[in-house]
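Biologist: Can you put the model up? I'd like to go through it piece by piece.

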Amino acid sequence: MTHLPILIITTSLLVAFVLPLLGRHFPRAVEPLIIGIISANIVQVSGLLLYVNANGTFRYALGGWSPPWGIALSIDALGLFMILIIQSVSLGILIFARDDLIHEIENSLKPWYYTLFLLLLTAMTGLSVANDFFNVFVFMEISTITACAIIAIKPHPDCIEASLKYLILSTLGSGLVLFGLALVYMVTGYLSFDFIAESLPNAMNLYPLNIIVSLALLVVGMGIKAALFPLHVWLPDAHSSAVSPSSAILSGVVVKIYAVILIRLLYTVYGLDILAHIPISQILLTMATLAIFMGSLFAMGQTDIKRMLAYSSVAQIGYIFLGIALLSPSGITGGILHIANHAIMKSLLFLAAGAIIYQTGIRKIKDLVGIGYQMPLTMGIFGVGALAMVGIPGFNGFVSKFHLAVGALEAQQPVFVIVILISSLMNAVYYFPILIRAFFGPVNHQMKFDQLPLGMVISLIGFAVATIYLGLLPGGLINLAEAISQFLLSRS
Amino acid sequence: MTFLEVVFDNYFYLGSITIFLIGFHTLLTHSNLIKKVIGMNIMETAIFLFIVSIGYIRDRHPPIVVEGEPHMMINPLPSALVLTGIVVGVSLTAFALSLIVKLYKYYGTVDIDEIMEIRSRES
């Protein structure tokens, strides 16, 4: 059996701890090493994904100890798909970060930043494939601490405060998850997802209260960490005050990993039969709809461009949970597609905003007048991201919104098609004014070209190409998402 | 079984849930950041108590094998989990406290309401 799954996690973990030492003696080797290790991870995950597509999912038992005694990783399409997104998006972000970080944090802290970044990646990789409750808890705590740390690394009081707020609420979330897993362990006696899934129907008959309370605790705990609407209060501060690469990874990937765990828990552990006992689908749908509308409403009122993008993330998380909660094949496909598409376009938007701040120092939306003449490339790429966010056909946002709408019809709840339509218009209300200000304002500037370092330009163009490519030729991604939704529905 | 009997048989569960709620309340309502961290710790400890009491079986011994003395053991797995949980909790506490020290250096207070007031005055 292949040992690739554990190799991806352990090599990143080891390299993360080598980086600060390397930074002290060979500072120039740090960036090539981290970019190399992530590229290697992408190759390994792609290989595994091909293997799983050909041979089906398998369990990797650590050290040869099979569960319930040992720990097993679930190597399936969902987890590998998520790892692929995590690693490729962070590769783009790191190429950007190389030049951007010098402006925001001290040079001596850079290797430490990369250590935290790589630990965050490792934790998320572990979360994607973890197949038992306790590994989920441990990796969740690692990702919480590192996610807070890459906000607090910028020596600014706003960042420290945002990070502390995030830390306290996240700890609350993991506390609730831990309580939830204790309740499940109490009635099943297992921590491994496979064994819990087997014994839950029986336990549901004997101790229904335990299962229902644990489900509520897990949904609320994951909801806090994924910033689902009424529980999103930490997100705008945290994502807007952090350095731009941190904002991009936090908004693009970190909040989604908890949605993925919730998908895994709801579909493969609890299963649709148990979900039918409680109106969890309706609760999640209501919260998602609220998130979509309120996130957009708050975003309209923002004056700071990164704060606006952060509130937009709250709305987009709503789409993902809408897809999860519809419980129809196309709905799940749409939710999973939106995880990938939003990761790409929100990273693009945050990095473009970071590039604007890098070159001009402007953060206020009203000061962006005529910026399109100073930074035509960056604003053009920002425009690509904005159009994708609104869901114009030809960009990747349209593909996932279309699948969500089909999913709503399949679930016979056409009201959500209207929700998606109205919210797309609301997205346009806050994204287009920026583009209009940038390109159609009073022209009092000479036409110039962006003065950005090469790394930032390459990274921005890479994200823009991915956005358009996945909008025009989404076939491969859709097939993968459909395979995942089949896998999830076949398990429950 | 009467209600009171249920309560007395499961007093450890009820106790840990009560402590959990005390911690939860402290975490959410106090404006002093140090008290918030204390609340966080109380909450975590309550969950650890809960997990340990799941594994406890009345009149059985800790799972330490001594030759010649056959014992009925309690379930050791929850205790092992709690050990990991405590380590995680300590690191979270340390990190939160270090952030509070930094905030204190900037603002000269650990009260979140006062920090908000200072910030609104500054902007």
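What follows is a short chat about this model.

Modeller: Before we start, this is a predicted model: local features need pLDDT of at least 70, side-chain atom pairs count only at pLDDT 80 or more, and totals for chains, interfaces and linings use all residues. Residues are numbered from 1 along each chain as its sequence is written, and chains are lettered from A and ligands numbered from 1 in the order in which they are written.

Biologist: Fine. What is the secondary structure of chain B?

Modeller: Chain B has 5 helices and 0 strands. Helices (H or I, at least four residues) and strands (E, at least two) are DSSP runs, numbered from the N terminus. Along the sequence the pattern reads α-α-α-α-α.

Biologist: What radius of gyration does chain B have?

Modeller: Chain B has 21 Å, whereas a compact globule of 123 residues would have a value near 14 Å. The radius is taken over C-alpha atoms, and the globule rule is 2.2 Å times the number of residues to the power 0.38. Along the principal axes, the C-alpha atoms of chain B fill a box of roughly 70 × 40 × 15 Å.

Biologist: How much of chain B is buried?

Modeller: Of its 123 residues, 24% count as buried. Buried means 20 or more other C-beta atoms within 10 Å of a residue's own, exposed means 12 or fewer, and partly exposed is in between; C-beta atoms are placed from the backbone.

Biologist: How do H5 of chain A and H4 of chain B cross?

Modeller: The axes of H5(A) (residues 133-152) and H4(B) (residues 76-107) come within 11 Å and cross at roughly 10 degrees. So H5(A) is roughly parallel to H4(B). Axes are lines fitted to C-alpha atoms, for helices over the stretch in contact, with angles from 0 to 180 degrees between N-to-C directions. Under 35 degrees is roughly parallel, over 145 roughly antiparallel, 65 to 115 roughly perpendicular, and the rest oblique.

Biologist: Which residues meet there?

Modeller: Among them are A:Phe134, A:Val138 and A:Ile145 in H5(A), and B:Leu81, B:Val88 and B:Phe95 in H4(B). That contact has 10 nonpolar, 2 polar and 1 charged residues.

Biologist: Changing topic. Where is A:Ala227?

Modeller: A:Ala227 is in the loop between helix H8 (208-226) and helix H9 (235-241) of chain A. Its phi is near 60 degrees, a positive value in a residue other than glycine. Most residues other than glycine have a negative phi.

Biologist: Is A:Ala227 buried or exposed?

Modeller: A:Ala227 is buried, because 29 other C-beta atoms lie within 10 Å.

Biologist: And what about A:Gln412, buried or exposed?

Modeller: A:Gln412 counts as exposed, because it has 8 C-beta neighbours inside 10 Å. A:Gln412 sits in the loop between helix H16 (396-410) and helix H17 (415-440) of chain A. Phi of A:Gln412 is near 60 degrees.

Technical notes:
Contact = placed C-beta atoms within 7 Å. Nonpolar A, V, L, I, M, F, W, Y, C, P; charged D, E, K, R; others polar.
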